[in-house]
Number of protein chains: 2
Amino acid sequence: MDRVAVIGASMTPFGQREEWILDLLAEAGQAAMVDAGIEGADVQHLYVSNMASGEFEGQTGIMNAVAQDLNCLPAYAARIDQTSSSGGAGVYQAWQSVASGASDLTLLVGGEKMTHRTTAESTDVIASLTHPIEYAHGVTLPSFAGLTARKYLEQYDAPRESLAEVAVKNHKNGVDNPNAQFRKEVEVETVMESPIIADPLRLYDFCPVTDGSAALVFCPESLAREYTDDYVVVSGVAGATDTHVVHDRLDPTTMGGVVESGEAAFGMAGLDPDDVDIAELHDMFTILEFLQFEDLGFAAKGEGWQAVTEGRTEKDGEIPINTSGGLKSKGHPLGASGVAQVHEVYEQLLGEAGPRQLADDPEVGLACNVGGFGNCVITTILERA
Amino acid sequence: MDRVAVIGASMTPFGQREEWILDLLAEAGQAAMVDAGIEGADVQHLYVSNMASGEFEGQTGIMNAVAQDLNCLPAYAARIDQTSSSGGAGVYQAWQSVASGASDLTLLVGGEKMTHRTTAESTDVIASLTHPIEYAHGVTLPSFAGLTARKYLEQYDAPRESLAEVAVKNHKNGVDNPNAQFRKEVEVETVMESPIIADPLRLYDFCPVTDGSAALVFCPESLAREYTDDYVVVSGVAGATDTHVVHDRLDPTTMGGVVESGEAAFGMAGLDPDDVDIAELHDMFTILEFLQFEDLGFAAKGEGWQAVTEGRTEKDGEIPINTSGGLKSKGHPLGASGVAQVHEVYEQLLGEAGPRQLADDPEVGLACNVGGFGNCVITTILERA
């Protein structure tokens, strides 16, 4: 079967941006089209990954607006929402659009504009994805993270500092990312002494509120060389859900959606975790990096924290995790994050990651994008062509 | 190529419902699964078509909630938004999920809960799909409809009563639909004497505000008979966009998205408008039925109104339009409408439409779902297997 290629990628600077959502989406979309060497008129399908432009900015119909702004008319255009994993879901939908034969050229643009709202307002929108019964009891995503972190540390005898080291590593990586929101290193002590948000997690265990956008261009591999010699292929992609009601889960330290989507993506690619050279994991909270690392099969359950403390996930380690800086330092504009993860893998596989470039020519990369508290998960595996 | 089959369909009663969005979606989803003879565990992909559960009810993440409510875990689940054509876009995405091989069983559920909000609140959410410059000047979808209706009547020398006859026909059809919001006939005089909303359009030229849901089950045709002998196939489906800024269009009496998606869907199906035995058109405003009738090729431009006044689109006419009652009498819960259109075609093609059933065994049906003021359009063609 003809595989699906990614022939262009881009991301805007992440952080506090003055532009509104439509301009952010157009900025990333235009840059990805330039990277792929295409024009708006070439686009047959346009997907816009975005959770809440209506709630955040009072603007809906954004797929149609972007289609006109990027001169893609009369391309089919739809908005894909899967909360924080909207970007990953967009990758899966873009893959389906090409694999089904419906589109020979698909543009995916993910983005969110959030910093103009107060943290309370943003939290209120994001928390509305939880089950109303849990929300009514005051549980939000950060509190799920705190509860899970406590259980993980106790169950697997992991030191609190191991969580801090996730933040330290990802901030260090982010220094080399010109598009990252925070380009500064932090120390373990900085994390450990920052204010408690959801015990045992502290301020520096959390990703920031961010504006930004990222974009990708897809086509059948059989057509890719008509546009460029620098492309990667999606060799595996799958999505899975876990319970909407988080307290229905038997073991909060395992994310079922990560396990299921990971197994399906590896099966589709015909690869094992050992084959992966680089991965972007969804470190919205530091604890999530441990869970995904284990649930994807990179370590046994309860041993993921050791990979971090032993430096095995550093840029020069056996499996570098979040070379982009991750959500932790790069930022987390909801609909953009899953797209930006693939952008990082794309650049690393093509040797275009500049100061972040891994030395040993990675050939297989993985992105894991998590919505809610593992409610929806997309795992994507990419390979050099 | 293996075609995509629709093996189950359902809709809830449309109207003013006490249930909230998640219960409406579950109600339709469960009924469609029963119709198809499947269980939640069989579902591999779940699509939820919905424009604005966040704005209308403060609940996001609904794709994940529905996945759990219908016992579909760990199925991949995503929300599809294309404003009023979210349902049609969901049909297209469901088709892609099966045609790409990503899913062998896809459940699509579309719905919206709106009547608990005031008309002003609903209008504010819906109008947010328009371009901010147009909205700032006070233009909403009803005013675009009024402006277009005036131009149409003048340009094609059509009587104002011809628009009223769309409402009369669709209300008459709706009487036989147990799920329709309004099951009462209206007279031309009732329409002509109702309050002016957007001159020359009056109250009875508009669809109501509605709660409701509808659902469909898709699988490869090669697997359909494992579930049922009563199924239809999607022989053509396509989407297209027109300008976000409506005043950028050269001729408001032609909807480019209808023309483009219609031509693509007919091309895919290898059919012509003459082959269509029944169609559901998006009569959010009466004028839209004329425009789609013409732009899909059922009549020459400017002659669609005559088909209505001459009775050719009645149930016993040469091409019955909106046998379900249309959005006009059945109601228009945004994310549900495109799904409910296909539900009507499905029932008619299978001879299951009860008192609405057409006498002459229709074999080919079409659904045209319009988002915004023709901003996004999906055309779907279905055939008896």
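**Entry 1: the strand pair across the chains**

I began at Ile80(A), which I found standing opposite Ile80(B) in β3(B). I note here that I am working from a predicted model.

**Entry 2: the contact between chain A and chain B**

I then looked up the contact as a whole, which takes 47 residues from chain A and 47 residues from chain B. When I sorted the chain A side by class, I had 19 nonpolar, 23 polar and 5 charged residues.

**Entry 3: the two domains of chain A**

Turning to chain A by itself, I recorded its division into domain 1 (4-117 + 210-233) and domain 2 (130-208 + 236-384), whose C-alpha centres lie 23 Å apart. The contact between them takes 38 residues from domain 1 of chain A and 36 residues from domain 2 of chain A.

On the domain 1 side, the elements giving two or more residues are β1 (4-11), α4 (86-99), β4 (106-112), β7 (212-220) and β8 (232-241) of chain A. I noted that α4(A) gives the most there, with 8 residues, and that the residues of this side divide into 17 nonpolar, 18 polar and 3 charged.

Notes. Residues numbered from 1 in each chain as written. Chains lettered and ligands numbered in written order. Predicted model: local features only at pLDDT ≥ 70, side-chain atom pairs only at ≥ 80, totals over all residues. Domains from an automatic or database assignment. Contact = placed C-beta atoms within 7 Å. Helix = DSSP H or I, 4+ residues; strand = E, 2+ residues; numbered from the N terminus. Nonpolar A, V, L, I, M, F, W, Y, C, P; charged D, E, K, R; others polar. Pairing = 2+ DSSP bridges.
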